[in-house]
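Notes follow in the order I checked them.

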Amino acid sequence: MKPRIPQIVLLISLGISLACCKPSVSDADHLVILHTNDTHSSIDPDRHDNGGIARRKVVIDSVRNARTNVMLVDAGDAVQGSLYFTIFGGEVERALMNELGYDIRILGNHEFDRGMDKLAEEWGQVTADRLSTNYDLTGSTLQGLFMPSVIKEVAGHKIGFLGLNLDPVGIISADNCQGVKYMDALECANKEASRLRAEGAEMVIAISHLGYDQQSGTNDQDIARGSKDIDVIIGGHSHTAIDPANPSSPNWKVANAEGDSVIILQTGSRGSAIGEIDINLATREVTPKLIKIDRRLDSRIDTEFASLIDPYRVKVDSLRAYRIGDTPFDFERESYELLNLFSDFVRMRGAEISGKPVDMSIMNKGGIRNSLSAGPITKGEIIDIAPFENRIVVLDIAGADLLDNIKIMVGQEGQGISSNARVVYDPETHEINSITIDGAPLDPARRYRIATIDYLAAGNDYMSPLKKATLMASSKEILYEALIEYIEKGKLQEILNNPDKDSRMTTR
């Protein structure tokens, strides 16, 4: 465990004095694990004033001050999603997480977004223990940086930790993870957990970036059901907020192969909460909770820590102040309005770069990372919304392959398509009832010209049928650069003034 950062802090619980919360004798037989996941470069609070890494430190310091044995772990995707990553490539997140004193970190899929060399450069400077149980990194630039597991001794008790990573195929661009060999997550988890037990671990905790309920590949519930030596799974990837105090929260206790309960926890995303797990080392009783990160913590922010962000914020704020247009409406990140806007923009730009009309466009929901607020639109805001280095491409695809791809999109509860297309499907069976393009049914026997992004064209987001298409044209500029130009020139003003609020892949 990392040494505590010496400073005077107040407890998070309002109205409780510092003096009454000194660690007790019985507390020495407890381990408190604070955990985060999918914080996605959310250094500052979001547009709803939730989150913020300086606020997170208030909670961390408060718990460290009040409890004897505290660990801090992260379950991946600490990067990608704001200008801090776009401009600085992971330096800010790595430096601040080192300063916070993380004990254990694992890789998410977005850690690979800048490729292996950049990943090795940044993670070579990570001070936490770096775990990866089911990636074989032999011969890659990451070789030697990760351990399959670690045992931590706490108050005379041994606790084992392992790290589970998702299958890169279909989610991480192949060029960005060269040399990474995926091994079956459940098989590796069981083997490593058994080994940790044999070495004296009284409990085994899996830190996972598999997702709580992901349909593609092994998820945390699969690991729990198929295991017998794992006690707790600290998860990420699916952005699932698991709050044990909320009766409507996703199930956080899953029976394992022997009928014992495995506890699965996750904090949602973007640093809006931090998880706390209290483990009674004598009884192995686990008591988890979710702590919100919001403005109530502002009066206790560590100004010295906050000042570490200031040099980076100068460049970030300059882009966030560069006005390029206006909109009278909010376009929320997960709204149809924003997905439809992106889909129509991709079709428009696709027609321009190919010099020919485009039959339809396809856009993924995961490519949209933030909301667009009513009022002035800034360059930085657009980059925050679409931070990836994707390019718009035009594909020539067989109708049968396009149909297969739309079936996959339906299985994902719908993705983005252009305004001239409609898909109707059964919400329970996901059987497609109809697909129309310009009012005509999709014809599996003809060929179509579609616009999308290169990430999807390579078969990512599990859209493997798109790999069968022929590339006809590709934009030279990154998607967000083209989108900024379109807004500056007023090409999207009609859509901004009159957003389409309807689902184009619908169950009715």
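I started with burial: Trp123 and Phe146 are both buried, where buried means under 20% relative accessible area, exposed over 50% and partly exposed in between, with a 1.4 Å probe and protein chains only. This is a predicted model, so I kept in mind that local features need pLDDT of at least 70, side-chain atom pairs count only at pLDDT 80 or more, and totals for chains, interfaces and linings use all residues. Residues are numbered from 1 along each chain as its sequence is written, and side-chain values use heavy atoms, leaving out hydrogens and water.

**Ring pairs**

Next I looked up aromatic pairs (rings of Phe, Tyr and Trp, the last by its six-membered ring, with centres within 6.5 Å; planes under 30 degrees apart are stacked, over 60 edge-to-face, the rest tilted). The rule gives 4 of them. Trp123 and Phe146 make a stacked one, 5.5 Å between centres and 25 degrees between planes. I placed Trp123 in helix α4 (residues 116-123) and Phe146 in the loop between β5 (135-136) and β6 (149-154), 23 residues apart. My helices and strands are DSSP runs numbered from the N terminus (helices H or I, at least four residues; strands E, at least two).

Then I went to Phe345 and Tyr486, which pair edge-to-face at 5.1 Å centre to centre, with 80 degrees between the planes. Phe345 sits in helix α9 (residues 336-354) and Tyr486 in helix α13 (residues 479-488), so this pair ties together parts 141 residues apart in sequence. I checked burial here too: Phe345 and Tyr486 are both buried.

**Arg313**

I found Arg313 in helix α8 (residues 310-320). Its relative accessible area is 22%, so I put Arg313 down as partly exposed. Setting aside neighbours within four places in sequence, Arg313 contacts Asp44 and Tyr84, contact being heavy atoms within 4.5 Å.

**Whole chain**

Last, I zoomed out. I counted 14 helices and 25 strands in the protein. Of its 508 residues, 57% are buried. Among contacts between residues at least 6 apart in sequence, 78% join residues at least 24 apart. The C-alpha trace spans about 75 × 50 × 45 Å along its principal axes.
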